[in-house]
Amino acid sequence: MSTMNEEVEEGDNIPENAFLIIEGVKVHPLNEAVVNIGRRLENQLVIDDPRVSRNHAQLRAIKGRFVLFDLNSTGGTFVNGQRTSQTVLYPGDVISLAGVALIFGQDNPPPRPDLATTSPLNPDPGTSERPTATLEHNTVDLKNIKKREDNSDQ
């Protein structure tokens, strides 16, 4: 199976300071270009859980980001609740390997191209940084309105 130990192409640098948090208790640094995940002892990340396939998933460094690939696992690979066969990982992504939770993290991650259009609005000149709502102080006594409606029905 050629996907298990593929050579890393030029320019596929390993993302800096990336890691996985396994089941909320164990941190596994991601400092290799290819990380095989599963129950098999030959994997770089061994998860000893019967729900996880022997060769469950693979992380590959591609263009400075980690991409997660499902290796036709029995229980499936999910990222943020969505089943996936391959997906680019971003810090905070929650990975589920057949129910075993992993969290992808990265210190000082590169900018996300998919969020380029969600930057904060530039304020108009002469306005404050944050918009302010104003409230009018008109109060209405709902009890009196209800009484008037009841009297008009008679």
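The model is a predicted one, in which local features need pLDDT of at least 70 and side-chain atom pairs count only at pLDDT 80 or more, whereas totals for chains, interfaces and linings use all residues. Residues are numbered from 1 along each chain as its sequence is written, and side-chain values use heavy atoms, with hydrogens and water left out.

Strands, like helices, are DSSP runs numbered from the N terminus, a strand (E) having at least two residues and a helix (H or I) at least four, and two strands pair if DSSP finds at least two bridges between them. S1 belongs to an open sheet of six strands, ordered S2-S1-S11-S10-S7-S8, in which the pairing is antiparallel. At its edges stand strand S2 (26-30) and strand S8 (82-83), each of which pairs on one side only.

On one side, S1 is joined to S2 by five antiparallel bridges, and Phe19 stands opposite Pro29 of S2. The hairpin of these two strands, S1 and S2, has three residues between them, and in it Glu23 takes a positive phi near 50°. S1 also pairs with S11, again in the antiparallel sense and over five bridges, with Leu20 opposite Phe104 in S11.

Further along the sheet, four bridges join S10 to strand S11 (residues 100-106) in an antiparallel arrangement, and Val94 stands opposite Ile103 in S11. S10 and S11 form a hairpin with two residues between them, where Ala98 in the turn has a positive phi of about 55°. Strand S10 (residues 94-97) is in turn joined by three bridges to strand S7 (residues 77-79), the two running antiparallel, and the bridge partner of Thr77 in S10 is Leu97.

A second open sheet has five strands in the order S4-S3-S5-S6-S9, with mixed pairing. Strand S4 (45-46) and strand S9 (86-88) stand at its edges with a single partner strand each, so one side of each is left without a neighbour in the sheet. Two bridges join S3 to S4, which run parallel, and Ile37 stands opposite Leu45 in S4. Strand S5 holds Gln58, which counts as buried because its relative accessibility is 0%. The side chain of Gln58 makes a polar contact, at 2.5 Å, with the side chain of Arg60; such a contact is a pair of N or O atoms within 3.5 Å, and within protein one must be able to donate a hydrogen and the other to accept it, while residues adjacent in sequence count only if both atoms are side-chain atoms.

Attention can now turn to the nonpolar core, a set of buried Ala, Val, Leu, Ile, Met, Phe, Trp, Tyr and Cys residues joined through side-chain atoms within 4.5 Å. The largest one has 22 residues, of which Leu20, Leu59 and Ile95 touch the most other members. Strands S1, S3, S5, S6, S10 and S11 each supply at least two residues of this core.

Note on methods: Buried means under 20% relative accessible area, exposed over 50%, partly exposed in between (1.4 Å probe, protein chains only).
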